[in-house]
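Please walk through the structure below, starting at the ligand and then turning to the charged side chains.

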Amino acid sequence: MNFSKLPLTQAMLTNLDALGYAKMTAVQSAALPYILQGRDVMAEAKTGSGKTAAFGIGLLHNLDVKKFRVQSLVLCPTRELADQVAKELRRLARFQHNIKILMLTGGESFGKQLGSLAHQAHIIVGTPGRILKHLNKESLDLSNLNTLVLDEADRMLDMGFIEEIESLLAFVPKERQTLLFSATYDEEVKKVAHTLLREAAVVKMTAEEKPNVIDELFYETQDKTATLVNVLALKKPKNVIIFTNTKLQAKELAEELVGRKIDALAIHGDLEQYERNDVLVQFSNGSTPILVATDVAARGLDIKELAMVVNYDLPHTKETYTHRIGRTGRAGMQGEAVTLYTTDELEKITEYKDQSKRIFSDADSLEDAQAFTMKPEFVTLVIEGGKKDKLRAGDILGALTGDAGLAGKSIGKIDIYERQAYVAIQTQESKKALSYLKNGKIKKKKFSVWVL
Ligand code: AMP
């Protein structure tokens, strides 16, 4: 289970050690030997299993840094996942200078990407549509590609990306290593997978991986919102993702909850990229306890500690059910998965009765708690300055705990982007923090600051 058992360079091993990766995770020890041998791999691995490092270490090991051509391509279903993958790859690549990793996703300026591509890159991480656009415009050349990775392959192959991926394959050498990572492989995905792979090693995670610890509760109800409120009052979860099947419903449910003084935000496909980002930042830093989402909008979203998932609408397939609830109960924490269904949906629910651990109850068994309210622990302040201004988390933390006199524990997550930084501040201290940041300085500079 030690990385040192693998034929990796000392520099890579030292960096893994510095990252605190003492031992391989289950998927890493199962897949890395094949990956390093150059074999194709079809791996079953969930988010949180260390899968990014599993393929990342492989890509970096095979990379010829002196050859300034794209040698690896990682395809992801969403921008958020691409962003997480690129970040993890950059951390893994720290052992060697000059490794260039470029992210190409939709929703970003095409022109800017053209500029970056003109300077070449070793590894590209991106979403299929945008990559195909670059290939068609000949701004991206994949003729030197050695390794192709499909991350969350099931999501990719069932999200209607398959045509794009097939077109994209025409630009990629047939002689290559292909790595597929996916939480599940249903028959349809397996069929497509086999057209991409050659003599692939199949890596399955069974007993070794820590299973999610999830209580699965099902409630029959005629009023889903009322039951939802009763469940929230009973369980008092710290943070919740509620799934609906349509964008409109996500929006309406979030509005209804806010009307009942239960703080919530919706995330769905109609949001602009910056709005999406604002919502995700607020949910991940505790400035809103509830996120109402559609499946597509929630893809790639990785919240490490999620207390509860609610299926407000029944998922269309059982794979989607598994995906949705798999976001909670990670890393040994107890998670709750609550599914609401009406009498009209009784037939659909029978297929969930195949596991005895699932508990089915009537919503009337819940105590009535319609006056229940939920307020966030934190408020997000936006600072009009980011990486571009060389602003770091330590600078903001220093300004707030030093001159402004806030206690360290009243400051939550700090996210720094190119032009903006987001700081979570405990609600009761937020006015003080805002007033200080507005009037005072960070790193001897004045920045505009506002409440998100
Ligand atoms: P992933 O499944 O790729 O989303 O990774 C989940 C998390 O595990 C990431 O935050 C990684 O940085 C971390 N991680 C990956 N490999 C290891 C390891 N061998 N030891 C400890 N942490 C790891």
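The paragraphs that follow describe the ligand site and then the salt bridges.

This is a predicted model, in which local features need pLDDT of at least 70 and side-chain atom pairs count only at pLDDT 80 or more, while totals for chains, interfaces and linings use all residues. Residues are numbered from 1 along each chain as its sequence is written, and side-chain values use heavy atoms, with hydrogens and water left out.

There are 16 residues around the ligand, and Y21, Q28, G48, G50 and T52 come nearest; a residue is counted as near if one of its heavy atoms lies within 4 Å of the molecule. Polar contacts are pairs of N or O atoms within 3.5 Å. An N or O atom in the Y21 side chain is 2.4 Å from a ligand oxygen. The backbone also takes part: a polar backbone atom of G48 is 2.8 Å from an oxygen atom of the ligand, and for K51 a backbone N or O atom lies 3.3 Å from a ligand oxygen. On its own the ligand has 500 Å² of accessible area, of which the protein covers 79% (Shrake-Rupley method, 1.4 Å probe). Helix 3 (51–62) and helix 4 (79–92) are the elements that give two or more residues to the shell; helices are DSSP runs of H or I with at least four residues, and strands are runs of E with at least two, numbered from the N terminus. Helix 3 provides the largest share, 3 residues. Sorted by class, the shell has 3 nonpolar, 7 polar and 6 charged residues, with Gly counted among the polar ones.

Side chains of opposite charge can pair when their charged atoms come close. A salt bridge is a side-chain nitrogen of Lys or Arg within 4 Å of a carboxyl oxygen of Asp or Glu, and by this rule there are 17. One of them joins R91 and E88, at 2.8 Å from N to O. These two residues are 3 apart in helix 4, so about one helical turn separates them. R91 is partly exposed at 37% relative accessible area, whereas E88 is buried at 14% (buried is under 20%, exposed over 50%, partly exposed in between; 1.4 Å probe, protein chains only).

A second example is E175 with R198, whose closest N and O atoms are 3.3 Å apart. E175 lies in the loop between helix 8 (162–169) and strand 6 (177–182), and R198 in the loop between helix 9 (187–196) and strand 7 (201–203), so the pair ties together parts 23 residues apart in sequence. E175 is exposed at 62% and R198 partly exposed at 47%.

Salt bridges also link E216, K318, D354, K357 and R358 in a network.

Conventions
A polar contact is a pair of N or O atoms within 3.5 Å; within protein, one must be able to donate a hydrogen and the other to accept it, and residues adjacent in sequence count only if both atoms are side-chain atoms.
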